[in-house]
Amino acid sequence: MVEYEKDLRKILIWLLGGSRGGLMRLKILLILKKKPMNPNQLAKALNVNYRTIMYHLELLERYELVSRLDIGYGAPYFISDKLEKKWDLIREVMRIMGINEKEEIEGGDEP
């Protein structure tokens, strides 16, 4: 568990901007903000492999950025309540990274 208030900004900067796969994790968060989805739906929406999505979801879940209601296959993922309350930090990190939220959702796959 993380000390959420204190570390969230640093975690987001590292997970989304400072590590490989950060752009994919950002895309996942932006999609889940609009609508909860299961891993298969996310894989199709982002046109990537299911295992790739699972890897990123597991990482996001470990840092309490996403949650799910059930552990069974096909369970939908949601933005965590903690992140929902601090969504302005996502926007701040996106500004730091030079990313526009609307363009990113509509944009192509991660290189």
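Let's start with a charge above a ring: Lys-33 lies over the face of Trp-87, at 5.0 Å from the ring centre. That label applies when NZ of Lys or CZ of Arg is within 6 Å of the ring centre and within 35 degrees of the ring normal.

This is a predicted model, where local features need pLDDT of at least 70 and side-chain atom pairs count only at pLDDT 80 or more, while totals for chains, interfaces and linings use all residues. Residues are numbered from 1 along each chain as its sequence is written, and side-chain values use heavy atoms, leaving out hydrogens and water.

Now to the aromatic pairs, meaning rings of Phe, Tyr and Trp (its six-membered ring) with centres within 6.5 Å; planes under 30 degrees apart are stacked, over 60 edge-to-face and the rest tilted. The count by this rule is two.

| Pair | Centre distance | Plane angle | Type |
|---|---|---|---|
| Trp-14 and Tyr-63 | 6.1 Å | 65° | edge-to-face |
| Tyr-50 and Tyr-73 | 6.5 Å | 40° | tilted |

How open are these residues? For relative accessible area, buried means under 20%, exposed over 50%, and partly exposed in between (1.4 Å probe, protein chains only). Trp-14 is partly exposed at 42%, and Tyr-63 is partly exposed at 21%. Tyr-50 is partly exposed at 29%, whereas Tyr-73 is exposed at 72%.
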